[in-house]
Amino acid sequence: MITVENLVFEYPTQRALHGVSLEIERGSITALVGPNGAGKTTLIRCLVALASPFSGRVLFEGADVHKNPRDVHRHMGYLSDIFGLYEELTVRQCLNHIAAVQGVDPSKWDALVELAAENLSIADRLDEKAGTLSRGLKQRFAIAQAIIHEPEFLVLDEPASGLDPDARFQLSKLFQRLCDNGMTILVSSHILAELEDYSTHMLVIRDGRIVDQQAIAGSSGGAQSHRMMVALTSLHDAFEKTLVSVPGVSGVLIDGRVARCRLAGDEIAKQTLLRTLINAGLPVAEFHEETERLQETYMATLNGGSTP
Amino acid sequence: MNPELRRNLWLEFSNHRLIAMPVVLGAIFLLAYLLKGELGHGTGKIASLCYIVIIFLWGTRMAAESVLQEVHNRTWDLQRMSAISAWQMAWGKLFGATSYAWYGALMCLGIYVISYGGILPFDHLLIAVTLFVVSGVFAHAVCLLVSLQTNQRRRTLGRAQVMSYQFFGLICALPPLYSGLSGYGDYGIFQSLTWYGEQFPLPIFTLFALTAFMLWSLVGVFALMRVELQQKNQPWLWLGFVGFTMIYFAGVYVTPPKYAAFLIPFLGSASMAYIVAVIATYIMVFSESKDQVHFRRLSHFMTTRQWDQVFSSIPRSILTLPIVIATGITVAIYSEITVAEGLIRATSIRVVVIASILFVIRDVAFVYFMSLGQDDNQGDGRALLYLVLLYTAVPALLWAMHLKPLAALFWPQYGTAPLLTLLPIIIEVVVICYLLRRRVQAQAGRLTSQEAA
C-alpha cells in the first residue's frame, strides 16, 4: 500500500533520513520504533506529505504523495505527537469541520461524527467546547479527528500519551477493529508494551536508517511467522537436526532439552512441525507458540542481534 | 459553503459579538447624528472613519494572524493534511478571518451611503463605496500574503511581527484609497491622471488600478497557500506580476515639459520599468526563503537534469535578474540614441545604468552569501545592515575624507571615466560570486563528510 523508495531528508546541517526504503502492507498495523532523534517523526511527516524529501519517493497505492498531496490526503489520517485543537469550537463542530475539509459527503457527516465519537468514547462530549476537555479526552478527540473521514491509511505519532490504562486498552481494541475493517495503521510510540498489544509489524529506525522491518510473531493481525518453544522430557542428539529439517524453521536455539525457533507458515506448519518431531521419536513434553515480546525484539535489533 | 469560511464564522460570530457590533456602531452614529442634527457630511465622515479603523487597523491584524495563529496553536498541520484546495483555503481564510470586521464595515458603508445619498451623484457614491471595499480586500490580502511569505521562512508569532505585516497592508491600500477619494474635490470635479499619455479621471483610474493590484494580491495569496499545502508553483505568476507592475508604472511616468524636446517618452517609461524590476528583485531577495537545503535540492535537480523542478525551485529573485538586465540594457541603449547632444552626457548615463545592473547582481549574491552562512535565519538582517552601510555611511565617509574616486566601489558613479565606474563593481561581482560558490560547496562538502563518518 505504501512504498518508500530511497527517501533522503535533509535539515540544513544534517541528513535525517539516509535513503530509507520500506513497504507497508495493506491491513497491517506497523509499530515504528527507534531511539529519540532516530528520524521517526521526520519519516512520518514525509509519508503523509507534510515535509518534502530531498530525494526519493513515497508512493500511496502507486501515486507519488509529494506530487499530488491534496489527492492523497483525503485517504490519510494523521495525528501529530504535539497537536492543537480549535478550543473555542465544540467537539461536534470540529469533527464536522474535518469531515468537510476532507471532502466527505455532507449527508454522511452526522453518522460519521457519531461513529468516531462512539469509537473514542466521547459521544457524551460532542457539544462541549474542545478547550474544556481534559488532557486524556483531548487526546481521544484528536484521534477521532484523524479517523472521522475513514482514511485508508492512518498515521499516529504517540497516540496513547496522556491516556489512562483503560483508555489505552480501548485504543488498542479500536486499532484492531479499524485494522479488521481494512484500515492500514502506522503507529510511532515509545511505549513498546502498548504497541505489542495490536501491532502486526515492527519497523525499527536508527540514525535515519531502517534497521529492521519484520512481522511480529503471535500477533493477531495475520502475521505468518511464529516463535515456537519445544521442550523434551530428556536430552536427545537428533533434536536440532530434526528441527532444522522441517520446512519454514529458522533461528534454532537449543538450551539443553528446550529449543526455541522461528516458524514461517500458518497453523498447518505448526502441525507439521509437531508431527515431524514425534515421528522422529523425540520425547516431546511441551510444544507451544510463545508470545513475542516487542521489547526483546527491539533491543535485539538495536544491538545487532536477533531473536529466534 | 467553503468549510474554512464556515469554521471562521463559527469562531467569529457568537451571539454576544453579533449584538455588540451594531450596538457600539449604532451608539457612535447616533451621537454623530445628534451633534449635527442631520444625516450628511458629519455622519458620513464618521462612518468612513469607523470603516477605516475597523477594516484597516483591526481587519488587517485579523488577516495577518489568520494563518500564524493556526501555526502557533498547532492546528495548521491538521489543515495542511486536509483535502481542501489551496484556493478554497485562501479565500476561506481571507474573508473568514476578517468576517467580523466586514460585519461592522458593511454597517459603516450603509451609513456612509445614507449620509451622502442626497449629496453625491450616484456614480460617485458607487465609485467611493467600491474603492472602500476594494482597498479593504487589498489591504487584507497584502497582510495575509506577507504573513504567509514570512511564515515559510520563520514559523513564529509575535505582536511586532503582526504589526509589521499590517504596516505593509496599510501602505499598499491607504494611499490609493485617499488618492481615489480625494479626486472628488468639490464633489464632481474630478482630478485627472495621465497614463501612457491619456487622461483618466483619478477616482476611476485608481479604482481600476487598485482592483488590478487586489487581484494580483489574491493570486499571490493563492500561490503561497499552494506552497503551504505542499504544492509546487511554476514562477509564471511572479514573472507575470513583475511584468504587469513594470507596464503599469512605466505608463505613470510623464516626461517633464522642459525635457520634452530632448527625451522620447519611451526612455522615461523604460527607466521606470527598470526601477520597478530592480525593486521587485530586492523585495524578493529579502523575503523569500533561502535555506541551504533548498539550494542543495536545486543543485540536485540540476545535476539530475530535472528541469521542470529546477524552474519551479529557482529563487524568484534570481529569476528576476534577467528582466533587470534586459530592461537595464534597453535603457542604456535608448539613453544614447535619444538624449540630445550637450544636455546630458549619454555615455555617462549608459555606464551608470550598466553599473547599477552590476550592483544589483552583487547585492543579490551578497544577500545569499550572508544567508547561507549561519543557520540562524538572521542572514537577511545582517546583509541588509551591511548594504545600508555600504550605500550610505561608507560613501559619506569617503566624501568627507576627499576620497571621492573610491566611491565607485559603493555607488554607480556619474560623470567619471567608464573604466573607473565599471571596473570596481565588476571586481566586486566576481569576488562575491566566487565566495558564494565556495560557501555552497563547503556546505555540501560538510554534509558529505558527515555522511561518510
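1. A residue is called buried here if 20 or more other C-beta atoms, placed from the backbone, lie within 10 Å of its own. In chain B, 39% of the 453 residues are buried.

2. A word on the model: it is predicted, with local features needing pLDDT of at least 70 and side-chain atom pairs pLDDT 80 or more, while totals for chains, interfaces and linings use all residues. Residues are numbered from 1 along each chain as its sequence is written, and chains are lettered from A.

3. Chain B has 18 helices and two strands, taken as DSSP runs (H or I, at least four residues, for helices; E, at least two, for strands). Of the chain B contacts (C-beta atoms within 7 Å) with a separation of 6 or more, 73% join residues 24 or more positions apart.

4. Look next at helices α3 (residues 41-72) and α5 (residues 86-97) of chain B: their axes come within 8 Å and cross at roughly 135 degrees. The axes are lines fitted to C-alpha atoms over the stretch in contact, with angles from 0 to 180 degrees between N-to-C directions. The contact is made by M62(B), A63(B), S66(B) and V67(B) of α3(B) with K93(B), L94(B) and A97(B) of α5(B).

5. Where the chains meet, 34 residues of chain A are in contact with 28 residues of chain B. On the chain A side, α3(A) gives the largest share, four residues.

6. Chain A itself is assigned domain 1 (2-215) and domain 2 (225-291), with bounds from an automatic or database assignment. The C-alpha centres of these domains of chain A lie 39 Å apart.

Conventions. A residue is buried if 20 or more other C-beta atoms lie within 10 Å of its own, exposed if 12 or fewer, and partly exposed in between; C-beta atoms are placed from the backbone. Two residues are in contact if their C-beta atoms, placed from the backbone, lie within 7 Å.
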